[in-house]
Each structure stands twice: as structure tokens, then as C-alpha cells.
Amino acid sequence: MDALRKQASKLRDQVAKQQQAVIKQFSASGYEHSDVVVIDEMEMQRHQQLEKLYRSTRSGKEFQRELVKAAEAFTSIGYKHIEAGTKLSEDCYKYGLENANDEILAKATSIYGDARKHVEKEQEDFTRLLFTQILEPLRAMISGAPLEDARHLAQRYSKMRQEAETQATEVSRRQARVREAPIPENVTKLHAAEARMQELKANMAVLGKEATAALAAVESQQQRLTFQRLVSMVEGERTYHERVAAILHQIEAEMVSDKQRRDSAPPTVPSNLLSDKTKYFLAVAMHAFEGSSDKELDLVIGDYVVVRKVSPSGWSEGECRGKNGWFPSAYVERRQRLPNSNGNNTDFY
């Protein structure tokens with residue numbers, strides 16, 4: 001019977017050691033989960049709270065890392081955007097200078113080239129915001145001492161709790177030994193095991209409170225900082241897109257307006273195209289016209305106009321009431337030819 005008891009006791013010791021080895025293996029990288037009540041329900045609640053805080057801060061840390069990766073990608077893309085935009089701005093200026101004869105396109109490229117500098121300035125500001133308000137604070141939080149210290153306290157508590165579980169098993173084993181053989185040696189070992197268990201309980205109470213307070217403070221700071229940085233990123237991106245949209249809207253309006261103004265402006269007839277054979281005719285204004293520049297001629301219905309030039313673009317040049325200028329050809333109706341510069345009369349139309 002004694003041999004059987006010794007064999008059973010030895011087997012229990014081996015199982016306990018194996019359990020301890022497995023616990024150490026799986027708890028080396030974090031906080032060990034356990035549903036075993038080591039001391040009492042209060043300690044169990046603290047253990048569960050620590051486990052929850054540990055997982056929460058780990059999840060928060062992983063999300064912060066994802067934000068950092070995204071901000072780093074945006075920053076990298078931003079620098080490439082600035083480089084490409086700056087090159088395009090230079091090319092637009094170059095084209096405008098080298099193709100000045102093509103007034104509409106040259107003007108448009110100059111407008112766009114100048115606007116691209118402002119777009120790249122906005123991109124540079126947004127990239128700087130990502131670095132100073134997102135990357136730097138989050139990196140500091142991820143690798144900061146408060147988080148690592150708090151998690152280290154929780155890990156120490158977890159290991160101490162595992163040791164207490166093992167010690168509780170040891171106490172139970174020693175109690176069984178004493179019941180089986182209440183000899184002084186077994187009693188002494190039982191007292192030593194119980195003393196060690198009391199020491200672990202006291203240490204766990206102190207370390208548990210300290211670890212819980214530290215992790216709770218870190219969790220609050222972590223969530224607050226992450227929320228602030230996320231809002232900053234959203235606001236920065238929104239501001240960037242709004243300002244770029246305003247710049248592009250302005251240059252689009254300017255480019256289109258300039259083209260429309262050039263298309264609607266009266267044509268300029270080179271002096272070498274005018275000769276002494278230019279034929280004039282008399283016309284009467286059938287519609288009122290108000291010029292938009294000093295090159296255009298105001299007309300009132302019924303005005304007589306001496307027309308001196310008719311352009312294929314739909315504009316005519318002439319004189320009315322002592323003033324010269326251009327007006328839409330469709331606004332007047334021809335009446336008769338006038339003498340040309342040689343003094344020869346022409347027939348009525």
C-alpha cells in the first residue's frame with residue numbers, strides 16, 4: 001500500500017510539473033487566461049479585469065500601428081505627388097513661353113502651371129500634418145514606457161498567479177500527505193507550503209492593484225490619443241481636398257472665361273490687309289448693341305453705320321456718330337455702297 005501511495009504521489013508531481021511547463025510556454029508572450037479561482041472571488045474579478053485591460057491595450061496598440069502604416073503610405077504618396085506636380089508645373093510654364101503664338105492654349109497652360117504650385121503647397125501642408133500630428137504621436141505612444149511598463153506589471157501578475165495556482169496544488173498535496181502520514185516531516189513541509197502561499201497572496205494583492213491602475217490609465221490615454229489623431233487625420237484630409245477643389249475650380253473658371261473672352265472679342269485686322277480698294281457700305285442698326293470694351297461700337301436701333309470691314313467670324317468694323325469700333329454683323333442691315341478710297345461711287349444693294 002505504501003509503495004502504491006508513493007507511486008501515486010510521484011505521478012501527481014510529474015503532472016504538476018508538466019502543467020507548469022505548459023503554462024510558462026503559453027504565457028511567455030502575454031497575459032495567461034485562467035478560470036481557476038486561486039484565492040477568492042475578488043481576486044478572480046481582478047484577474048478577469050486585468051485580462052480584459054491587457055487585451056484592450058493590445059488591440060489599441062495594433063490599431064495604432066495600422067494608422068501609422070496608413071499615414072506612412074499617404075506620406076510616401078504625397079511626396080511623389082509633389083514631385084510629379086512640380087514637374088508638370090515647370091512643363092506648363094515652358095510650353096506657354098515656347099508657344100506664345102497659340103494664345104488660348106499658352107495662356108491656359110500658364111494658368112494651370114501657376115495653380116499647380118498652390119496645389120503642391122497644399123499637398124506639402126497635408127503631408128507635414130500627417131507626420132507631425134499622426135505619425136510622431138502614435139509612434140511615441142506605441143513604443144512609450146507607460147504602455148510597456150503597465151503591460152509588464154500585468155505579465156508579472158499573471159506569472160505570480162500561475163505560481164500561486166501551482167502552490168495551491170502543492171498545499172493540497174501536502175495536506176493529503178499529512179492526512180496519510182501525520183509525521184513531523186510532512187507537517188513541516190505543509191507549514192512551509194502554506195507560508196509560501198500566504199506570501200504569494202499578499203504579493204498578488206499589491207501587484208494586482210498596481211497593474212490594474214496602470215493598465216486602466218494607459219487604456220484611457222491610448223483611446224483618447226487615438227481618437228484625437230484619427231479626427232486630426234480626417235480634418236486634415238478634408239481641408240486638403242476642399243482647398244485643392246477650390247483652386248481647381250478657380251483655374252477652370254479662369255481658363256474657360258479667358259477662352260470665351262478671346263472667342264467673342266472682335267477680330268483684329270492687320271494694317272497690311274487694308275488697301276485703297278477696300279469697299280465701304282452704309283448699314284442701319286436693326287438691334288441695339290452695347291460694347292464691352294473700347295474696341296466695340298455701341299449701336300441704337302435706327303443708327304446708320306458706315307461699315308468698312310466684314311470679318312468671317314461674324315463681326316464687322318465701322319463708324320457711327322463719330323466713333324469707330326466692332327459690332328456683330330447680324331445686328332445691322334446693309335443699305336447702299338459708299339465711295340471707296342479712290343472716290344468712285346458704288347451701286348445700291
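What is the mean pLDDT of the protein, and how many of its residues reach 70 or more? The mean is 82, and 80% of the residues get to 70 or more. Here pLDDT is the predictor's confidence in each residue, on a scale from 0 to 100.

1. **Ground rules.** This is a predicted model, with local features needing pLDDT of at least 70 and side-chain atom pairs counted only at pLDDT 80 or more, while totals for chains, interfaces and linings use all residues. Residues are numbered from 1 along each chain as its sequence is written, and side-chain values use heavy atoms, with hydrogens and water left out.

2. **Where to be careful.** Where pLDDT is low, the predicted coordinates should not be read in detail.

3. **Overall layout.** There are five helices and five strands, and from the N terminus on they run α-α-α-α-α-β-β-β-β-β. These elements are DSSP runs numbered from the N terminus: helices are H or I with at least four residues, strands are E with at least two. Of the contacts with a separation of 6 or more, 67% are between residues 24 or more positions apart.

4. **Surface and burial.** The protein exposes about 21,700 Å², and carbon and sulfur atoms supply 54% of that. Accessible areas come from the Shrake-Rupley method with a 1.4 Å probe; for residues, only the protein chains shown count as cover. Of the 349 residues, 35% count as buried. Buried means under 20% relative accessible area, exposed means over 50%, and partly exposed is in between (1.4 Å probe, protein chains only).

5. The whole structure has 23 salt bridges, each one a side-chain nitrogen of Lys or Arg within 4 Å of a carboxyl oxygen of Asp or Glu. One of them joins the side chains of Lys61 and Glu148 at 2.8 Å, N to O. Lys61 lies in helix H2 (residues 41-98) and Glu148 in helix H4 (residues 145-180), so this pair ties together parts that are 87 residues apart in sequence. Lys61 counts as buried at 12% relative accessibility, whereas Glu148 is partly exposed at 35%.

6. **Salt bridges within a helix.** Glu66 and Lys69 meet in a salt bridge of 3.8 Å, N to O; both lie in helix H2, three residues apart, about one turn of the helix. Glu66 is partly exposed at 45% relative accessibility, and Lys69 is exposed at 52%. Over in helix H3 (residues 103-142), Arg128 and Glu124 are four residues apart, about one helical turn. Their closest N and O atoms are 3.3 Å apart in a salt bridge. Salt bridges that share partners join Lys121, Glu124, Asp125 and Arg128 into one network.

7. **Around Leu67.** Is Leu67 buried or exposed? Leu67 is in helix H2 and counts as buried, at 8% relative accessibility. Not counting residues up to four places away in sequence, Leu67 touches Leu138, Thr226, Leu230 and Met233. Leu67 and Leu135 are 68 residues apart in sequence but 8.2 Å apart in space, C-alpha to C-alpha.

8. **A nonpolar patch.** Leu230, in helix H5 (residues 184-264), is partly exposed, with a relative accessible area of 33%. Together with Phe63 and Val234, Leu230 forms a nonpolar surface patch with about 260 Å² of accessible area. Patches are made of residues with over 30% relative accessible area and no salt bridge; like charges are joined within 9 Å, nonpolar side chains (Val, Leu, Ile, Met, Phe, Trp, Tyr) within 5 Å.

9. **The strands.** Strand E1 (residues 281-285) pairs with strand E2 (residues 304-310) in the antiparallel sense over four bridges; two strands pair if DSSP finds at least two bridges between them. Phe281 has Val307 in E2 as its bridge partner. Strand E3 (residues 315-320) also runs antiparallel to E2, joined by four bridges, and Val310 stands opposite Ser316 in E3. The hairpin of E2 and E3 has four residues between the strands, and Gly314 there takes a positive phi near 100°.

Notes. Contact = heavy atoms within 4.5 Å.
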